[in-house]
Amino acid sequence: MDGTLWLDARPRFLITGEYPYYRDHRGQWAAKLGAMRDVGIAVVTCYVPWRHHEIAPGELRFDGDGNRDLAGFLELIAATGLLAVLKPGPFVHAELPFGGLPDRVSPTLDPYRHATRSSDGRPLPCQQFTLPSALDPRFLTDATGWLRAVGRFLRPFVHPRGPVVAVQIGNEGHYGETALPIDALDYSQPGTDGFTHFAPGVDAPTRAEDQLSASGLLSLVSWGKWSAEVLAAGMERLAEALGPDIPVFTTYSPPATADRVPGRAAGRYDAWLARNRVGAATALPRAYTTWTGNVLIDEEALVNYVLAAKGGQGPNIEENWGLRWADASCAFPVVPIHHTLLGVACGATGISIYPACATAGWGEHLAVDRSWLTEAAADPAQFDPPYGDAAPILLDAGPGPAFAGVQVLTHFLAGRQDALALSGPEPGVRWGVHPPYAAIGAWDWARNGDRPAPSAARTLVPFVAHCLRRNLPFRLTELTGRAVLDPAAGPLVAVSGRFMEQALQQRLALFAEHGGSLLMVGELPMLDENLQSCTELAEAVGQCGTGRVRTAALGGQPIGTAVEEWLGDSCGRPVRARPGAWLELRRTTADPEEVLVFLFNRSDGPLRARATCGEHVVTADLVEGGCAVVHVSHGRLGACYVKGLNEQTGAGTPVRVRVGRDLLSADRPCDLSAVRGPGGFEMRTAGVQGEAGVILPEVP
């Protein structure tokens with residue numbers, strides 16, 4: 001329900017940790033699961049690699065000796081008092097050979113299988129093999145057979161009989177395509193045949209024309225819809241194979257960084273928007289992953305991270321806490337904690353510590369080919385043991401450097417479980433995502449002529465960056481001809497171009513005529529989807545004058561400035577920036593007196609962040625790179641978490657948090673969680689020698 005897991009008729013905020021059981025010796029399982037419980041993790045997540053459990057073609061084992069005994073692993077999880085989320089793919093990536101698929105399903109080895117292909121005919125590779133088309137009948141038979149077997153095996157272990165509370169299908173799509181260019185797949189024969197059935201008489205696009213005709217426009221828009229449909233329908237098909245009685249969700253990724261899509265970077269945001277249906281309700285709940293880089297030092301990483309977290313409400317299912325080869329900064333707890341709380345502030349319904357445990361006990365069938373690693377990464381030892389060399393739990397199940405910091409974080413999250421489960425991101429200005437424009441903008445890399453619609457790189461990205469600099473609350477919503485646009489839901493920004501479907505023009509016109517606050521960014525459309533004259537929206541905007549309904553031209557004043565001026569002059573319900581040297585985000589509930597205020601230090605030194613909640617002032621002292629969460633409950637300090645140490649720089653700031661007349665302070669730098677209960681505050685600290693001297697507010 002809205003990306004929140006419900007257990008026993010109650011919403012649950014997920015506190016998860018990844019333990020790749022298949023990479024470890026079975027004798028280590030019990031000790032490491034105990035350590036996960038002790039660090040405050042409540043839910044164990046793990047991939048279930050197909051190639052690990054297939055001991056011969058079509059022969060699967062989920063019990064027996066060694067680390068193939070998934071049944072024994074689940075029994076240990078239950079005995080430890082933990083829950084589980086399993087991730088059986090079929091493709092899982094997870095730094096495994098061929099992404100965890102059996103080699104035999106690759107068209108490289110079986111010429112009767114269709115490879116997934118890009119618009120120029122290249123197969124999509126995975127290490128030394130090519131990936132099968134997700135629509136290839138032979139692969140579909142194999143993949144659904146695998147998942148049916150997983151579903152049959154899991155039934156006795158599904159909650160409440162067992163520990164399994166959900167299953168993740170796929171991995172950022174079928175093959176990570178949620179961040180791939182729009183033409184990366186699937187131009188295989190099954191793919192193009194499927195597109196022909198989806199859009200009869202329309203040719204699949206292979207390049208974008210300089211001057212788009214009606215047929216060229218239809219081709220690009222149809223391919224964008226098809227890309228989203230293939231992903232959504234494919235995940236539903238895989239979920240059906242598991243069976244109807246197992247809760248299922250999917251995952252998507254952040255937009256690709258520019259260096260991940262050389263030659264295609266111009267359209268990467270639009271490709272992400274088109275394929276993922278960002279801001280839309282979907283048939284299956286969604287989680288997201290967060291491989292963006294370090295948001296403390298990289299603004300592109302920050303924008304991409306926030307887009308992923310706001311793109312569709314659900315849990316953060318992969319936050320790097322231990323893979324130094326992916327990002328060396330993850331070894332310093334200040335970075336993954338900053339990331340984790342940023343996701344929670346943006347609406348995440350759960351967190352992930354990935355991986356929670358270091359492991360070093362897998363067989364050759366799970367070892368990536370060293371010659372391929374030499375060629376691809378120039379480091380044949382990149383995936384050598386241990387996996388998760390910076391994980392909070394060490395190879396021997398002992399506590400690593402991040403262990404105590406995780407305990408403090410999970411203490412706060414568990415202590416405010418209900419507030420987190422029942423809250424959501426603060427309402428703000430809505431940014432309308434229009435899939436047809438994204439479908440066209442995704443081809444920007446291939447087009448040199450003028451554009452019929454502004455790209456996301458020129459509109460959405462600078463808007464998000466401005467909102468984060470100015471602490472202006474915002475959210476994403478999908479705009480289609482069937483969208484319900486309620487003026488009471490708040491101000492709306494809609495990108496417009498040379499054309500717009502007549503149905504959406506009518507929706508936006510009605511929104512404006514019924515009192516909605518509307519800002520149109522770009523030229524007002526004069527054509528409909530068939531490039532026939534249609535001026536309904538332009539006429540409605542003209543009749544509304546320049547009060548609550550306005551236009552903003554591209555190439556003039558910055559988008560963020562235009563948005564703030566429009567909000568300041570025309571909106572009945574104020575949505576205002578809260579500028580400062582810190583990033584401020586909030587989660588709110590139906591009770592306006594219950595607010596979670598998240599504060600992130602974006603400066604180069606310590607500072608005192610300040611926020612106002614109604615009549616009450618909230619302040620928190622933050623170390624460089626540090627962050628805090630303050631639960632304001634009816635004008636009092638209900639709870640707080642403060643990251644007072646920056647392990648990367650060695651800096652620290654004594655904790656000091658004030659809510660109105662309530663003051664909590666520590667006499668030295670530390671990480672601190674304080675949660676108010678009936679008998680007073682329960683507190684936990686990390687990073688100090690001996691006991692920190694803490695002054696707590698009085699509890700009435």
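Predicted model: local features only at pLDDT ≥ 70, side-chain atom pairs only at ≥ 80, totals over all residues.

The points below take ring pairs, then charges over rings, then strand pairing.

1. Under the pairing rule applied here, it contains 23 aromatic pairs.

2. One of these pairs is Y437 with F499, in an edge-to-face arrangement. The ring centres are 5.5 Å apart, and the planes make an angle of 80°. The two residues are 62 apart and join distant parts of the chain. Y437 sits in helix 13 (residues 435–441), while F499 belongs to the loop between strand 18 (492–495) and helix 15 (502–513).

3. Are the two partners buried or exposed? Y437 is classed as buried because its relative accessibility is 4%, under the 20% cut-off. F499 has 2% relative accessibility and therefore also counts as buried.

4. Ring pairs also gather residues into a cluster, whose members are Y19, Y21, Y22, W29 and F73.

5. Which rings does R23 lie over? R23 is placed over the face of W362, 4.7 Å from the ring centre. R23 also lies over the face of Y387, where the distance to the ring centre is 4.1 Å.

6. Five strands make up an open sheet in the order 23-24-29-30-33, and their pairing is antiparallel. Strand 23 (607–613) and strand 33 (694–695) are its edges, each pairing on one side only.

7. At the strand 33 edge, the neighbour is strand 30 (residues 662–669), which runs antiparallel to strand 33 and is joined to it by two bridges. S665 has I695 of strand 33 as its bridge partner.

Key:
Residues numbered from 1 in each chain as written. Heavy atoms only, no water. Phe/Tyr/Trp six-rings, centres within 6.5 Å; stacked < 30°, edge-to-face > 60°. Helix = DSSP H or I, 4+ residues; strand = E, 2+ residues; numbered from the N terminus. Buried < 20%, exposed > 50% of the residue type's maximum accessible area, 1.4 Å probe, protein only. Lys NZ or Arg CZ within 6 Å of the ring centre and 35° of its normal. Pairing = 2+ DSSP bridges.
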